[in-house]
Amino acid sequence: MSEQIERDVMEVDVVIVGGGPSGLAAACRLGQLAQESGQELSIVLVEKGSEIGAHIVSGAVMDPKAITELFPNWKELGAPLNVEVTKDEVLFMKNDSKAMEVPAALVPDGLHNDGNYIISLGNLCRWLAEQAEAMGIEVFPGFPAASVIYEDGVVKGIITGDFGVDKEGKQKDGFMPGMELRAKYTLFSEGCRGHLGKELIGKFGLDKDSEVQHYGLGVKEIWEIDPSKHELGKVVHTTGWPLSESKSYGGGGFLYHIEDNQVSLGLITSLSYQNPYVSPFEEMQRWKTHPAIKQVLEGGKRISYGARAVTKGGYQSIPRCHFPGGLLSGCDAGFMNMARIKGSHTAMKSGMLAAETIFASLASGDEGGKDLTQFQDALKSSWLYEELYTARNVSPAITKHGDILGGAMVFVDQKLFKGKLPITLSNPTPDYAKLQEAKNFTPIDYPKPDSVLTFNRLDSVFISNTNHEEDQLCHLQLGDPSLPISVNLPKWAEPAQRYCPAGVYEVVEDEAGARFQINAQNCIHCKTCDIKDPSQNINWVVPEGGGGPNYPNM
């Protein structure tokens with residue numbers, strides 16, 4: 001249909017896809033370089049959320065290294081890094097009632113947070129957007145990048161999504177076609193499992209020399225708690241129960257004390273789990289019932305909810321990040337450091353390096369469309385690659401060998417050898433392929449939510465302010481609509497019902513038998529279905545612009 005539509009065309013120097021920390025850091029760095037050189041650059045950043053920050057969800061404890069490089073005077077400029085970490089705890093949860101604090105001497109250096117800040121990443125992105133706009137960069141929220149423009153094997157820009165297409169693919173009254181944004185270079189910074197990034201990796205074979213990417217699903221809430229229980233700046237991380245019970249190794253919990261008597265808390269479940277009855281959402285609700293967490297929340301009130309997949313493959317899984325006409329940065333490429341449970345500073349640095357690479361090429365008279373191979377060299381000579389290299393064995397050690405043995409391996413690697421062991425562990429099996437058949441497991445009996453401490457999915461989605469225009473093409477595309485019932489249901493008890501943290505997927509029984517129902521309006525854009533579906537039958541594409549969650553300060 002898109003080939004037959006007449007579209008407006010806008011030609012610019014650089015298009016940036018995604019208003020997260022990487023894309024916005026790239027925009028700001030390009031703006032700085034243009035101002036410093038007196039050179040005019042036309043730069044457009046598009047973001048699928050209704051506003052910058054609307055789709056951003058992260059813990060988040062931030063290392064200020066990258067933002068200090070980008071804006072040395074960030075404090076004077078009012079960047080929202082307001083809560084410096086005052087105390088660190090790492091808890092090993094033995095079971096549903098007991099926990100022990102891990103002695104500081106045994107905690108890997110990457111989990112010590114002296115000098116770091118507890119932030120709202122969404123609010124930081126809003127601030128970065130303000131800095132970018134002040135430098136003349138055009139920021140377009142509510143404009144999803146729907147497809148890539150290819151010409152003769154070169155990326156020439158993107159096409160933004162159409163508005164006003166019904167469920168059958170027909171134009172409604174008020175139809176507005178998307179725009180062609182043509183650029184000399186396009187930077188893709190969509191975040192974890194970006195749908196265009198996934199396409200580009202496949203089209204250009206960017207991952208042929210790297211291992212498969214691995215993922216976790218982070219489910220997060222913000223609570224307002226009793227002031228007497230609040231310890232501003234305190235950071236708590238947990239390992240062990242409940243994930244150890246379901247053998248979902250490679251994840252863990254967090255609880256951060258932020259401003260206004262609030263805590264930010266959540267659980268990251270590794271998506272390499274084997275049991276198809278695991279529900280990451282239910283695991284997070286169960287995690288809150290542990291006395292170590294429950295005692296903080298009792299008497300409080302939940303005020304926000306969100307979820308998002310995170311990359312955790314690390315150094316071994318980073319693809320080649322350059323191709324003719326464009327670059328990948330941030331979690332589109334997988335620059336998360338799971339050993340530190342941090343990705344904001346690494347995402348920003350990758351965006352800044354991308355900006356410097358693009359600017360240097362354009363400043364030399366480049367007319368665009370080249371394969372900027374020098375970007376890979378810039379990455380490899382930066383502290384970003386050094387940091388990820390030293391953390392490379394952490395995720396595969398715990399994912400493959402569990403909390404005890406894997407944790408011991410991490411201690412040796414990180415504490416004794418400072419990440420410089422002369423071996424690199426491998427984890428070559430994709431997360432979706434780890435899922436075993438349902439016949440090998442007993443269904444997990446998760447406790448019924450009490451709507452005080454624990455909640456159900458739909459009540460949670462409600463406070464995420466998620467909304468989609470109902471009469472639009474479903475953005476959750478099935479390669480074969482019959483597979484969920486004919487294959488996934490008998491073989492894996494259709495795990496989409498459980499891995500989705502928003503109640504999007506249901507198996508409905510009626511007179512005609514079982515049918516697969518997609519409640520696309522509930523989707524909070526976490527991308528888990530695109531990652532974990534064992535048949536790899538679900539393709540997540542962008543819905544109409546502005547759809548999805550509207551997180552206020554996640």
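**The pocket and the sheet beside it**

Reply: The largest pocket is lined by 35 residues, and Val90, Leu111, Thr239, Ile398 and Gly407 lie nearest its centre. A 1 Å grid is laid over the protein atoms alone; a pocket is an open set of points with protein on both sides within 12 Å along at least five of seven lines, a cavity is a set where a 1.4 Å probe fits but cannot get out, and lining residues have an atom within 4 Å of a point. The model is predicted: local features need pLDDT of at least 70 and side-chain atom pairs pLDDT 80 or more, whereas totals for chains, interfaces and linings use all residues. Residues are numbered from 1 along each chain as its sequence is written, and side-chain values use heavy atoms, without hydrogens and water.

Me: What volume does the largest pocket have?

Reply: A volume is the space filled by probe spheres set on the grid points, which are joined across faces, edges and corners. For the largest pocket this is about 860 Å³.

Me: Which element gives the most to the lining of the largest pocket?

Reply: Helices (H or I, at least four residues) and strands (E, at least two) are DSSP runs, numbered from the N terminus. Helix 11 gives the most, with 12 residues. Strand 5 (87-93), strand 15 (234-240), strand 16 (252-258) and helix 11 (394-416) each supply at least two residues.

Me: How do the residues of this lining divide into nonpolar, polar and charged?

Reply: Ala, Val, Leu, Ile, Met, Phe, Trp, Tyr, Cys and Pro count as nonpolar, Asp, Glu, Lys and Arg as charged, and the others, Gly among them, as polar. The lining of the largest pocket has 20 nonpolar, 12 polar and 3 charged residues.

Me: In what order do the strands of the open sheet run?

Reply: Strands of a sheet pair through backbone hydrogen bonds, either parallel or antiparallel. Two strands count as paired if DSSP finds at least two bridges between them. Here 7 strands form an open sheet in the order 6-5-15-16-17-14-18, with mixed pairing. Its edge strands, strand 6 (99-101) and strand 18 (301-311), each pair on one side only.

Me: In which sense do strand 5 and strand 15 pair?

Reply: Strand 5 and strand 15 pair in the parallel sense over 7 bridges. The bridge partner of Met93 in strand 15 is Gly240.

Me: How many cavities of 30 Å³ or more are there?

Reply: The count comes to 5 cavities of 30 Å³ or more. The second largest cavity has a volume of about 80 Å³, and among its 13 lining residues Cys500, Val504, Cys523, Cys526 and Cys529 lie nearest its centre.
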